[in-house]
Amino acid sequence: MIYDIMSHPDNLIKVTSGIASLPMELKDKKPWRDFAHTVEVITGSALAEHERHTSKVAATETVPSATRTGRAGGGKPRHYVTLFELERLAAASAEELSVRKGELYTRDGNIVGKFAPNDGHLRLSLQLKGYALLSTYGGRMARLTCFNGVQSDSFRFDERGSAELELPDDAATQEGLGRVTLDFSED
Amino acid sequence: MPNAAKILHTLAAHLTFLLDEGKDGVVLEPWKIEATVLQTLSGSQYRRLVGAGLADPDTNAQDAAVSYFSAVFERRLWLKGAEPTHKGHELFLALCCRGAAEGWECVALNRKREVGSMACNRTSVPEGKDMWRAGSSLPSIADDFAAIALRLTQIDGAISPGNPAKNTRQRSGPLFLVVGEMNAEVAEELTIWQAICCAPLRIRKLENKATFDQLCSLVIKVLEAANRPFGELVGLGLWPPHWIDVLSLHAIREARKFVACVKRLLGPEAGGLGSLSIWRKAWEQQKVPSFGTVDEFWNSDLGSALRSPHIYRHIETKSIDEIQSEEQSECYEPQMCDGQEFEARVALLRNSRSIDDFDAMILTAIREGDAIRNLWLRLEVQGRFKQPADLAEYVEALGQRIAEAVRRFDDL
């Protein structure tokens, strides 16, 4: 039989009488609160795992249906994989870091981005450098995602490894361009 | 129907899974985490948590989820009393400790007036020797730290009026993320979202179920702290985005107690929050300190909103004792209990017939990490539940029953 403590007063009596008869050291509230918290954690984990399994809400590589500040590409879901991270970080010295205005780099400098306001938008130019990158990623579809969720529409690098895209010129995009990931389509 | 606390615990576990997603290691990609959290929050089971029923008629589940994300995940967290850090800082530290680059295991959050031999700069990072080749090897700790330090400098470091951090800072100095000689100042009011966005991009997987549960415990605590004003407003039947910047947590709670008092005076059959005369009676027992008189409260925007029939339908019925009990429980920070202690408590509950043998078996199994779908495959479980979803509902109810039972123990 499963007791329903909340709706059956009889069971409350069982609970309280059970506790009342416990040894003194077990009447302490702390271990019970710790126990209740542990139950919160393990039941929460079990339920979340179940939800993830059944509704497949786990993060996948497919384009999300919505973001807070950006718009995901429409149409057929495209599979992307994150390959590069660009930052506005310029050379770090022992004392300070500097942010280079209007430029983005990968750490190895093989991808460079420059952005500037253009007719109410931010125009971002990206350039792949070196034969290895050009031969692998030239002509491929890509997508840019800022750390704060702002996301570009899908765009294509041309065979020379160049791409241009327009982003909204707003505070969220300006902030988000502090750190972005460049995802290439696997399709 | 699960209560809001239970829904929040499940959301916390979702977030913990997202902070541990990957086969060999974890790449923390905030946009993916955000998209998944928003997708989760848009689900029907989270409507109550995000207050979807309270919103304007044209607000859909996705909009409510976005509002919740902004109000809770991006809520500026405050220090509690004289404590040097808050749960958002602890989450940030827990993620940094798992940084994949060698050296992150020594990371700490310290308050210092002076950092090493250097003056107290906001950031001090030696130049890294190793370069991080995209898509291949790991960054060095210096590279990793430099990127994090930069992200930290982009956070607003202001301290809100009334935040104890101002005194703590005067007494003990600013808060720094420290690894060896590298240090970077950490914002006092770091949000959950900033804690995730500022963590190392590549982190190690959690080692086992116990370490997962420890992180989940921390995520529950930080989400509870960040959710508090939002959750209290939902309990009062108010659409949080309209009120969260107007009312303090204290004012919301006092209003909740007053409403509980009015409802008690009116009795269960009442269809609204009564008349000014009832409010005057309630005022004698339970004032709302933000307002000088009951008439002032009655005529205020808040008073008018609470009298609206639409809002009355959504007011969560709680007694003043229950609200006070919740407030008191916030003063105590629970810890995870170990396996032996857990089993001892389960046995005590079973002996007192608060739970039966089946409940005890399920509790032990999920503590050991059995997934609901696997647990359902057991013969004795299949005999009771037609499908795994029924078992999930039972687990949810079992968690609530135990929480309720322990709350009653507290009142003894």
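Me: Let's start with H1(B): how many of its 15 residues are buried?

Reply: For burial, you count the residues under 20% relative accessible area. This is a predicted model, by the way. In H1(B), 13 of the 15 residues are buried, so the helix is mostly covered.

Me: Which residues of H4(B) are buried, and what do they pack against?

Reply: List the buried residues, then look for their contacts. In H4(B) the buried ones are B:Ala64, B:Ala65, B:Tyr68, B:Phe69, B:Ala71, B:Val72 and B:Phe73. They pack against H1, helix H2 (30-41), helix H3 (47-50), helix H8 (192-197) and H9 of chain B. At the N-terminal end, B:Asn60 caps H4(B), with a side-chain oxygen 3.1 Å from the backbone nitrogen of B:Gln62.

Me: Which residues touch the most other members of the largest nonpolar core?

Reply: A core is a set of buried nonpolar residues joined through side-chain atoms within 4.5 Å. The largest one here has 77 residues, and B:Tyr68, B:Phe73, B:Leu91, B:Phe92, B:Trp104 and B:Leu177 touch the most other members. Helix H9 (residues 209-235) of chain B gives the largest share, 11 residues. There's also a second, separate core of 31 residues, with B:Cys337, B:Leu348, B:Phe358 and B:Leu375 among its members.

Me: How many disulfides does the structure hold?

Reply: You check for cysteine sulfur pairs within 2.5 Å. The count over all chains is zero. Take A:Cys146, buried at 2% relative accessibility: its closest cysteine sulfur, in B:Cys197, is 11 Å away, so that's too far for a bond. B:Cys197 is buried too, at 3%, and the sulfur closest to its own, in B:Cys198, is 6.6 Å away, again too far for a bond.

Me: Last one: where is A:Gly161, and what does it touch?

Reply: A:Gly161 sits in the loop between strand E6 (155-156) and strand E7 (162-168) of chain A. It's buried, with a relative accessible area of 0%. Leaving out residues up to four places away in sequence, A:Gly161 touches A:Leu126, A:Gln127, A:Leu128 and A:Leu134.

How values were computed: Residues are numbered from 1 along each chain as its sequence is written. Chains are lettered from A and ligands numbered from 1 in the order in which they are written. This is a predicted model: local features need pLDDT of at least 70, side-chain atom pairs count only at pLDDT 80 or more; totals for chains, interfaces and linings use all residues. Side-chain values use heavy atoms; hydrogens and water are left out. Helices (H or I, at least four residues) and strands (E, at least two) are DSSP runs, numbered from the N terminus. Buried means under 20% relative accessible area, exposed over 50%, partly exposed in between (1.4 Å probe, protein chains only). Contact means heavy atoms within 4.5 Å. A polar contact is a pair of N or O atoms within 3.5 Å; within protein, one must be able to donate a hydrogen and the other to accept it, and residues adjacent in sequence count only if both atoms are side-chain atoms.
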